[in-house]
Amino acid sequence: MTENPAPLLIDLELPAANGGSAGLRAVLGVPAGSGPWPGVVLVHEAFGISDVMRRQVERLAAAGYLALMPDLFTEGGARKCLVATFRALTAGEGRAFIDIENARQALIARPDCTREVGVLGFCMGGGFALAAATRGFAAASVNYGRLPKDLEAALEGACPIVGSYGGRDRSLVGAAARLEGALETAGVPHDVKEYPTAGHSFLNDADTGPAAVRFLTQRILGAGPDPEAAADAWTRIEAFFAEHLAPAADPAPAD
């Protein structure tokens, strides 16, 4: 049996944006074959762009999307940028949001993009994906992302949202139910699911972060891979994106 060609991963630097990271680095996944394809901006977890995150880019590209992950820690790595990035998430504005918009515009500008662009985030990035759901994206995938204090206001005018949470994640107890209720009230198309066996970071295919931190995240957040839950979540994400990002079919020519 012939295997499908692997997508191409490219490390690149995005054009400068006023207020954004200087020399913004990013990883681009380009599907095999010929486009155009819908685009997806991926927002990495709190540990930055690791090998695990690069495989997430590759996975989404293999599913048929131009997948672009900007490095929100370009100007100093996680140690120097993490606090400021979380502050931007809490405030709903700042350099991280400019970098995410920069990535969206970079995808739209590509001739092999359909101009339909979604956003998908993990952990910290899940919070950004939710916050960005009102900022020009066609669909958002929120994976164990924290919820804003004023959730109802944050969802006003949001694009369709698919959310995945772990029932063993003590940092986000009840988040899935709260998000689903708020989306229902707001009339936003959605698919939210909590996986009882999963904890934080369950979509990852390997543990991430420094070894000393892993013990705490595993103990407190139940963090770590859950292949069964991850497979189901990816199936839902891909189906949701196929519905909301795929371009409308051209009408059949008249006889």
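Strands here are DSSP runs of E with at least two residues, numbered from the N terminus. Please keep in mind that this is a predicted model.

**First stop: Val43.** Select strand S3, residues 37–43, and you will find Val43 in it. Is Val43 buried or exposed? Its relative accessibility is 1%, and buried means under 20%, so Val43 counts as buried. Now show what surrounds Val43: beyond its neighbours within four places in sequence, its contacts include Leu72, Ile100, Val119, Leu120 and Phe128.

**Next stop: His44.** Step on to His44, in the loop between S3 and helix H1 (51–62). With 0% relative accessibility, His44 counts as buried. Display its side chain and look for the backbone nitrogen of Leu72, which the His44 side chain reaches at 3.0 Å.

**Last stop: H2 and H4.** Select helix H2 (residues 77–91) together with helix H4 (residues 124–131). Their axes come within 10 Å and cross at roughly 30 degrees. Angles under 35 degrees count as roughly parallel, and H2 and H4 are therefore roughly parallel to each other. The crossing of H2 past H4 is left-handed. Which residues meet here? From H2 come Leu82, Thr85, Phe86 and Leu89, and from H4 come Met124, Gly127, Phe128 and Ala131. Colour this contact by residue type and you get six nonpolar residues, two polar and no charged.

Conventions. Residues are numbered from 1 along each chain as its sequence is written. This is a predicted model: local features need pLDDT of at least 70, side-chain atom pairs count only at pLDDT 80 or more; totals for chains, interfaces and linings use all residues. Side-chain values use heavy atoms; hydrogens and water are left out. Axes are lines fitted to C-alpha atoms, for helices over the stretch in contact, and angles run from 0 to 180 degrees between N-to-C directions. Helices (H or I, at least four residues) and strands (E, at least two) are DSSP runs, numbered from the N terminus. Angles under 35 degrees count as roughly parallel, over 145 as roughly antiparallel, 65 to 115 as roughly perpendicular and the rest as oblique. A crossing is left-handed if the near helix is turned anticlockwise from the far one by less than a right angle, and right-handed if clockwise. Contact means heavy atoms within 4.5 Å. Ala, Val, Leu, Ile, Met, Phe, Trp, Tyr, Cys and Pro count as nonpolar, Asp, Glu, Lys and Arg as charged, and the others, Gly among them, as polar. Buried means under 20% relative accessible area, exposed over 50%, partly exposed in between (1.4 Å probe, protein chains only). A polar contact is a pair of N or O atoms within 3.5 Å; within protein, one must be able to donate a hydrogen and the other to accept it, and residues adjacent in sequence count only if both atoms are side-chain atoms.
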